[in-house]
Amino acid sequence: MTAVEHDADVIVVGAGPGGSATAYHLARHGVRVLLLEKTEFPREKVCGDGLTPRAVRQLIRMGVDTSPEAGWLHNRGLRVIGGGVRLELDWPELASFPNYGLVRTRLDFDDLLAQRAVAAGAKLRTSVNVLGPVLDGDGRVTGVEAEVGPGKEPTTFHAPLVVAADGVSGRFPLALGLAKREDRPIGVAVRRYYRSPAKHEDNYLESWLELRSKDSGDNLLPGYGWIFGLGDGRVNVGLGVLNSSSAFGKTNYRRLLTDWLANTPEDWGMTDETNADGPILGAALPMGFNRVPHYTRGVLLVGDSGGMVNPFNGEGIAYAMESGELAAEVMVQALARPAGPERERALLAYPNELKARLGGYYRLGGIFVKLIGRPEIMRIATKHGMPHPTLMRFVLKLLANLTDPRGGDAMDRVINAMTKAAPAV
């Protein structure tokens, strides 16, 4: 028996950036939304904490104050280190995106977005562990089964549409039989916070294309690294390894991180364990639409649940929020139609539009992942590409997916043509 207060037009499973963005945009259109989160806020997540202008645009679309006075650390662009070269690339000046990035820890970032959804009218319930779907006689999802609170009280919530925004684990889509595709790229990332007065107020995100330990000589360590200043005396330091690398799944990633950091300057504070602020944590990066279909039987997949991490740069937050906004737009139109074939026709616009927007770009990203998984290619690319700032500005636009879709400069037109020509994944 279902209590009336559990009813909603849409249930969103997971209050990360994708789930909160979905709930916000739905609620803003007057849709009754129930946002279910298994933990309590604030809560930690494994992430680089760096946001490109693509993610900043989505924050602005949610009405978030991104000023320094509101606690955000702004950055001008990306500092790339590799091939013996250190290059600072400013974010491009575009009509479609702001020209600054941001850094903020996930500890309060997710909480802030969830509260934006609540302010728009969504109902947030925390400590609700969703176990799986409720199915009708036709196998369509009509709600969720959950355990609520510390007592794990069994509860059923009902709604005509459900959004799975439950992250990389994808427990909800897995319960529907939607497994990860093994032919799509995936990465593993580990990160740790360090107290670093020398680096914490950096106005560039720092990306290391080559990692070396003190005793590695000319041999590169697998993966790529980052150092993002947090502005509060700390830095977020991490590295990622892709499944195209021979080291994937065969490496102690935590040891890899400390080996690399042992080779950084002593005054950065990352060679001394006493400067560490918390443990090394790791997470998977599901890339290139590695779980499909993105709509089936009344359920829409958003963000990491649908494998929407950018294969070029490991960015997930922007795409989680973008897919959440798109899912909301589609559901608003679908709910205005009677249940049945008309509504289904509207809902199928979601996977079709995702594929149109990102399918070709993610296809190119899959090729990129295979290439950089080969150390000899990566070495040639950094040696011959890094000394050429114009080429690297093109690479930055491509990797960060920052172009104007209409107009723009010659670089934009080339990148847009490439993504349109590539067959969609």
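This is a short tour of a predicted model, one selection at a time.

**Stop 1: the domains**

Colour the chain by domain. Domain 1 comes in three pieces of sequence, so select 8–74, 94–180 and 286–364 together. Domain 2 is residues 184–284. Domain 3 is residues 367–419.

**Stop 2: where domain 2 meets domain 3**

Hide domain 1 for now. How far apart are the centres of domain 2 and domain 3? Taken over C-alpha atoms, the separation is 23 Å. Now show the residues in contact. Domain 2 supplies 9 residues, and domain 3 supplies 8 residues.

An interface is often sized by the accessible area lost when its parts come together. Between domain 2 and domain 3, about 700 Å² is buried. Carbon and sulfur atoms give 69% of that area.

Next, look at the kinds of residue on the domain 2 side that touches domain 3. There are 4 nonpolar, 3 polar and 2 charged residues. How many salt bridges run between domain 2 and domain 3? The count is 0. Polar contacts do turn up: 2 residue pairs, both at pLDDT 80 or more, link domain 2 and domain 3 in this way.

**Stop 3: an annotated span**

Bring everything back and select residues 7–179. An unreviewed UniProt entry annotates this span as "domain: FAD-binding". Switch to cartoon view.

**Stop 4**

Most peptide bonds are trans. Here are two places to look for the other form.

- Zoom to F41 and P42. The bond joining them is cis, with omega about -5°. P42 sits in the loop between β2 (33–36) and β3 (50–51).
- Move on to V292 and P293. The peptide bond from V292 to P293 is also cis, and omega is near 0°. Look for P293 in the loop between β17 (281–286) and β18 (295–296).

**Stop 5**

Most residues other than glycine have a negative phi. Find S127 in the loop between β8 (123–125) and β9 (128–135).

Finish at N401. Phi of N401 is near 55°, again a positive value in a residue other than glycine. N401 lies in the loop between α10 (389–400) and α11 (410–421).

Methods:
Residues numbered from 1 in each chain as written. Predicted model: local features only at pLDDT ≥ 70, side-chain atom pairs only at ≥ 80, totals over all residues. Heavy atoms only, no water. Contact = heavy atoms within 4.5 Å. Buried area = accessible area lost by both parts, 1.4 Å probe. Salt bridge = Lys/Arg side-chain N within 4 Å of Asp/Glu carboxyl O. Polar contact = N/O pair within 3.5 Å; in protein donor to acceptor, adjacent residues only side chain to side chain. Nonpolar A, V, L, I, M, F, W, Y, C, P; charged D, E, K, R; others polar. UniProt positions renumbered as here; feature names shortened; annotations may be inferred. Helix = DSSP H or I, 4+ residues; strand = E, 2+ residues; numbered from the N terminus.
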